[in-house]
Amino acid sequence: MNTIHDMGGMDGFGPVEPEENEPVFHHRWEGRVYALTRAVGPWGRGREWPSFRYTLESIPPVEYLSMSYYERWFRMMTTRLLVSGLISETELETGYPDAGAPRPELLPSSNPRSLGAGLLDMDVPARFGPDDRVRARNLHPRGHTRQPRYVRGRQGTVVEDYGVYALQDTDEDGRRPLDRRPQHVYSVRFEAQELWGERAAAGDAIYVDLWEDYLEPA
Amino acid sequence: MDESEGRPVDRRGFIKDAAVGAAAFAAPGKLMADQTESHDHSHGHDHDHDHDHQDVPPDIALRVRALESVLVEKGMVTSAALDVIVDTYENRIGPRNGAEVVAKAWVDPAYRERLLADGTAAIGELGHLGGQGEHMKVVENTPEVHNLVVCTLCSCYPWPTLGLPPAWYKSSAYRARAVIEPRTVLSEFGLDVPEDVEVRVWDSTAEIRYLVLPERPAGTEDMSQEELAGIVSRDSMIGVARVEAPAGGPSGGDQ
């Protein structure tokens with residue numbers, strides 16, 4: 001989706017501000033949000049949670065920018081728990097289970113053949129190879145995608161074939177296609193000036209990892 | 001005004017009381033932590049020492065606590081399991097792992113070759129694979145090429161080798177600017193890359209995570225692998241810093 005998370009190349013955010021001796025978590029609640037997000041993972045099985053990234057990206061842009069990183073995670077996690085009925089608004093507000101509410105149970109996956117996000121040992125033909133000239137397709141899906149806007153329509157060169165991965169894109173409701181469309185992921189080199197014109201230094205380059213569906217021959 | 005007066009304190013009452021407590025104690029310190037715990041009579045979170053309330057809207061800390069509380073009571077998570085996850089990333093997994101990889105590559109040419117050819121396998125030799133570091137690509141800085149890692153769409157980062165990312169890595173400014181003006185960003189970190197050195201920016205858009213192999217600084221020829229690991233910074237493995245030789249030589253800066 002074309003919203004604020006896809007911020008590569010934007011101006012106006014000011015300087016990058018590193019912090020000396022930064023703690024891993026600035027506040028106790030940040031660590032709890034991080035840990036809760038990971039610990040509730042198995043409860044999404046069989047409940048068709050919208051994808052993690054889709055849910056983050058669906059936060060309206062004005063709110064997204066006004067929230068801290070772990071506030072976004074908290075919103076993302078509670079959204080998934082609420083839409084799947086694992087908690088209610090009242091429970092979230094009070095911190096106390098609703099009277100008479102049944103204890104949730106872990107479910108088996110609704111799609112036992114579902115592919116994970118990692119490298120797949122599958123024999124899928126590769127459409128491209130190293131040194132091939134490619135163009136990033138001009139795609140604007142309403143769901144989650146890993147093709148950043150700044151490469152769309154731009155030409156680059158395949159540098160490496162990273163192997164076969166399930167496509168992580170979702171539909172406009174945050175769900176991935178059932179077959180996950182396993183395909184090759186390529187490291188594609190874009191000359192910096194192809195992306196940013198004269199603002200970039202000649203000879204510099206941006207390397208972007210792109211699923212085969214995002215590419216066409218140039 | 002106190003609607004809960006004379007009634008058993010329910011969770012709604014607890015949240016309300018705790019909010020008043022947090023707002024009343026705008027100053028940091030033990031008093032606040034003690035006071036917060038005194039409101040925590042029905043939860044028993046004896047590890048709750050939130051000393052930084054003054055910087056946080058009290059609301060978010062309370063909402064997170066309410067969520068943890070309800071998920072624990074529904075049997076979906078245990079606080080002990082959450083403690084383990086927090087401890088893992090606060091104390092066990094961090095940039096020391098990546099520094100070990102870099103130092104070994106500096107002293108062991110065969111390892112360096114394996115690392116650049118198959119980062120996943122070579123990092124696996126040292127046991128530093130895992131969540132958000134299952135598939136690793138190591139990119140080497142040389143006199144001709146300087147590498148920089150970013151995730152413009154999110155915050156992707158190699159957790160097993162570097163830990164969780166610093167706030168600046170996740171910031172809008174870094175995500176937005178690293179791809180369009182990497183040299184300006186690098187100069188703000190104090191790193192001026194000469195014009196004749198190529199800057200390569202790696203945007204972590206898929207499932208591969210990146211680690212920069214920085215250049216070994218001159219003057220470190222006599223240092224051991226362990227000593228070298230001690231000078232490799234997190235920032236140098238993201239690509240926003242160089243590794244500097246220690247001022248006084250490998251044994252410290254005393255002379």
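Predicted model: local features only at pLDDT ≥ 70, side-chain atom pairs only at ≥ 80, totals over all residues.
**Exercise 1. The build of chain A**

Task: State how many helices and strands chain A has, and give their order.

Solution: 
- Step 1. Count the elements. Chain A has six helices and six strands.
- Step 2. Read them from the N terminus. The run is α-α-α-α-α-β-β-β-β-α-β-β.
- Step 3. Along the principal axes, the C-alpha atoms of chain A fill a box of roughly 65 × 45 × 30 Å.

**Exercise 2. The domains of chain B**

Task: Find the domain bounds in chain B and the distance between the domain centres.

Solution: 
- Step 1. Domain 1 of chain B covers 61–92, and domain 2 covers 94–238.

**Exercise 3. The interface**

Task: Describe the interface between chain B and chain A by contacts, buried area and salt bridges.

Solution: 
- Step 1. Count residues in contact. Chain B brings 70 residues, and chain A brings 77.
- Step 2. Turn to area. The size of an interface is often given as the accessible area lost when the parts come together. Here about 6,900 Å² is buried between chain B and chain A. Carbon and sulfur atoms give 61% of that area.
- Step 3. K74(B), L153(B) and I180(B) supply 11% of what chain B buries against chain A, more than any other three residues.
- Step 4. Check the charged pairs. Side chains of opposite charge can pair when their charged atoms come close. Eight salt bridges are counted between chain B and chain A. R32(A) and D83(B) meet in a salt bridge, with N to O at 2.7 Å.

**Exercise 4. The largest pocket**

Task: Give the volume of the largest pocket and describe its lining.

Solution: 
- Step 1. Volume. The largest pocket holds about 1,600 Å³ of space.
- Step 2. Lining. It has 47 lining residues, and F52(A), R80(A), A117(A), Q168(A) and R176(A) lie nearest the centre.
- Step 3. Elements. In chain A, α1 (28–39), α2 (52–57) and α4 (69–83) each give two or more residues to the lining. α4(A) gives the most, with four.
- Step 4. Class. The lining has 17 nonpolar, 17 polar and 13 charged residues.

**Exercise 5. The second largest cavity**

Task: Which residues line the second largest cavity, and which elements give two or more of them?

Solution: 
- Step 1. Count the cavities. Three reach 30 Å³ or more.
- Step 2. Volume. The second largest cavity has about 100 Å³.
- Step 3. Lining. Chain A residues in the lining include H5(A), R53(A), Y64(A) and W73(A). From chain B come L153(B), C154(B), S155(B) and R175(B).
- Step 4. Elements. α2 and α4 of chain A give two or more residues to this lining.
- Step 5. Class. Six lining residues are nonpolar, two polar and four charged.

Notes: Residues numbered from 1 in each chain as written. Chains lettered and ligands numbered in written order. Heavy atoms only, no water. Domains from an automatic or database assignment. 1 Å grid on protein atoms, 1.4 Å probe; cavity = no way out; pocket = protein on both sides within 12 Å on 5 of 7 lines; lining within 4 Å. Points joined across faces, edges and corners; volume = space filled by probe spheres on them. Nonpolar A, V, L, I, M, F, W, Y, C, P; charged D, E, K, R; others polar. Contact = heavy atoms within 4.5 Å. Buried area = accessible area lost by both parts, 1.4 Å probe. Salt bridge = Lys/Arg side-chain N within 4 Å of Asp/Glu carboxyl O.
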